[in-house]
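Please open the model in your viewer and keep the selection panel at hand.

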Amino acid sequence: MQRRRPRYVIDRPAFNLPDFDQEFDKKSRQFPVGEKVKKLFRCSALRLQALLFRLLPILRWLPKYKPRESLLRDVVSGVSAGTIQVPQGMAFALLANLPPVNGLYSSFFPLIPYFFMGTVHQMVPGTFAVLSIMVGMVCLHLAPESDFSHFNETLNATVVDTEQMNEVRLGISGTLACLTAVIQIGLGFMQFGFVAIYLSESFIRGFMTAAGLQILIAVLKYIFGIKVPPYSGPLAAIYTLVDIFRGLPETNVASLVFALVSSVVLIAVKELNARYRHKLPFPFPMEIIIVVVSTAISGPLHLPEKYHMDIVGEIALGFPAPILPKVGQWEEMLGTAFSLAVVGYVINLAMGRTLAAKHGYDVDPNQEMLALGCSNFLGSFFKIHVICCALSVTLAVDSAGGTSQFASLCVMLVVMVTMLSLGAFLKPLPKSVLGALIAVNLKNTLLQLSDPYYLWKKSRLDCCVWVVSFLATFFLSLPYGVAVGVGFSILVVIFKTQFRNGSAVAQIMDTDIYKNPKVYSKVISITGVKIVNYCSPLYFANAEMFRQRVIKKTGLDPGKLILARRKFLEKEEKGKEKEERKEARKRKSSTLVTMKSQIISQLEMQDDFDTSSQNTSYVNFHSGDANVGEQDPPPPTLELKPTPFHTLILDLPGVCFMDLTGINTLIKMNSSYTTLGIKMYLANVQAQVYEELEAGGAFDDGNISRSNLFLSVHDAVVFAQQSSADRRVSREELSSNINVEKDLEQEMFEH
């Protein structure tokens, strides 16, 4: 049984835009610049309070905090997440080519500003693998190992001054963090939080997958316990992988065993945590247990000395002495710093929006940029490397029931205890264990290698973005990957708007609805009216394509028709001139014949008087002009074919903006169709687009009449049908229009 649908009946006059505005008293909306400036700089107690609440969100959520309900969960979740933050921070410091203690610094100092300024309640700032490896490239470039190598005659070998190299690289890391922070704070104050919209999900996933693969390759040297020279720049991952394969015969078996056992145990516990996450009060902190057990086995048994394993080494206890960033190095870091600022912010915002949607609160993108920038800025004076959301730590806080920034405060306390006292016990920890922790945590990232298979089915353009981002990041290095991926994503957006296909539409029977006749069967075409729908911005990149689409859908090229009619009129004018010349020759010949006849008559009369006895001779003077009086056959009649339609309606509901090129294209089209006696109507023009048309001069000097704009397609159709008889252009008017019409290409170049 067919569902009974409600019906509606509307009886109203058809409106064009000026009539509608007049009928319903359209309001004038003006926003003077002076008023905007006054409003921007107006100061009051309420504005000051709102500013403080925006810059310091803790003032908003702290008075509403309920300790009895939330404090215990925050403490438990924070402590358990802190046990993940400590080993993960030290592991990611290795990716940054920095000493492990840098990971502790990076997991402590940035949390202080974020506690007061962050808008994501469960967020824990800290180290992130992608950012760590980008920082590591800068450290390798500005402080290569060769700068700290010298030949030791006693050992008869080249020795690296590791302590001095680490100190220099820590300074470079702090300087890079300071520059990144300055960029993020600047973008935050300029309200540039929207920069993240230019990074599509396909780009982020492709970039993260390639970065994860690079990270896995980078930690293989720790897992296998082999020496691999550091590389940076394009193809660095390939060179590193080749050297790892070459060094496999020299694998340190003890390091590999530690890594494999740690990986198997960690994977098993993570799977159990995931399966029973609803029953467990908080995830089982296997990372810290693996670190403790590995250290307990390695140290007392003196395994590093016996098997020559690479270990974490001495960790300085206490807080680091503050340093001043070296501004002179900023020029060499600018490109990477901007990439770090944007990528770190995007990761932070993506995670923040996910958590906010889950728990029902809002995230301020610009405030997040400021909070992240201030976190990096404070930490830059204490030798951190650039941080963002510590992904696994944040997820641990969330899954354990954390509700506020008190959880991150507890994470910070765990890290602080490690820095002040427990760090001394981590000296014999094998680096292969930290490498295994990193590799296992890359599982979800590396599973994204299957993304192209699914993306190809859903959107081939998005699949191309993923592939280009992945290949550029993996082969050209991370900063180049960001540039290429973002550039290609923007090109895809332009491509999508540039090649949108307009469609001719027709009326659905007995309705005021207009749809594509190729999609619906019960449609009727309106005699003399062509309707074309277009759903893309109209701007410099697609303006000419839009014109070609309209020509294709209507089957009429006004430029070619104008040119053809111009040639027809020129030919007709030449025919008239030729006829006039023939008539002139005929009149001249006729006059000459008359004169000859008169002269002959006078001569004959004279002869009659003088020689009346002689025979009369007859001379035919008209023998050469026998056909002078005959008319030439009339030339073939040339007729102008009528245009196939009298009204063109452009349905523009999907046009969200126009630039001057798009506006000029509409003006040229209107001029061409008007020359042919065709009216061009615009329907469903958005309010902002109308303002752009007005500002762009579309209604000036009689270009496009405001009365040619309609609220809907049906309004335009009703007007077209009613006034079609009054809009016939005579042949003389058409000839005059065509003669004064400029060549379309010439007019285009004038603008």
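The stops below cover the cavities, a glutamine side chain and a helix.

This is a predicted model, in which local features need pLDDT of at least 70, side-chain atom pairs count only at pLDDT 80 or more, and totals for chains, interfaces and linings use all residues. Residues are numbered from 1 along each chain as its sequence is written, and side-chain values use heavy atoms, with hydrogens and water left out.

**First stop: the largest cavity**

Rolling a probe the size of a water molecule over the atoms shows where empty space is left. The structure holds two cavities of 30 Å³ or more. A cavity is a set of points, on a 1 Å grid over the protein atoms alone, where a 1.4 Å probe fits but cannot get out, and its lining residues have an atom within 4 Å of a point. Select I133, L140, A218, Y231 and T240, which lie nearest the centre of the largest cavity among its 19 lining residues. Its volume, the space filled by probe spheres set on the points, is about 290 Å³. Next, colour α5 (67-95), α8 (129-142), α10 (201-224) and α11 (236-247), the elements that give two or more residues to this lining. Helices here are DSSP runs (H or I, at least four residues), numbered from the N terminus. The most comes from α10, with five residues. By class, the lining has 14 nonpolar, four polar and one charged residues.

**Second stop: the second largest cavity**

Select L199, F203, I204, F207, M208, V343, V346 and I347, which line the second largest cavity. The elements giving two or more residues to this lining are α10 and α15 (330-359), and α10 gives the most, with four. The volume is about 50 Å³. The lining comprises eight nonpolar, no polar and no charged residues.

Move to Q184 in helix α9 (residues 162-189).

**Last stop: helix α24**

Finally, select α24 (residues 543-554), whose 12 residues reach 17 Å from first C-alpha to last, close to the 16 Å expected at 1.5 Å a residue. Its buried residues include F546, V550 and I551. Just after α24, G555 takes a positive phi of about 75°.

How values were computed. On a 1 Å grid over the protein atoms alone, a cavity is a set of points where a 1.4 Å probe fits but cannot get out, and a pocket is an open set with protein on both sides within 12 Å along at least five of seven lines; lining residues have an atom within 4 Å of a point. Ala, Val, Leu, Ile, Met, Phe, Trp, Tyr, Cys and Pro count as nonpolar, Asp, Glu, Lys and Arg as charged, and the others, Gly among them, as polar. The expected span of a helix is 1.5 Å times one less than its number of residues. Buried means under 20% relative accessible area, exposed over 50%, partly exposed in between (1.4 Å probe, protein chains only).
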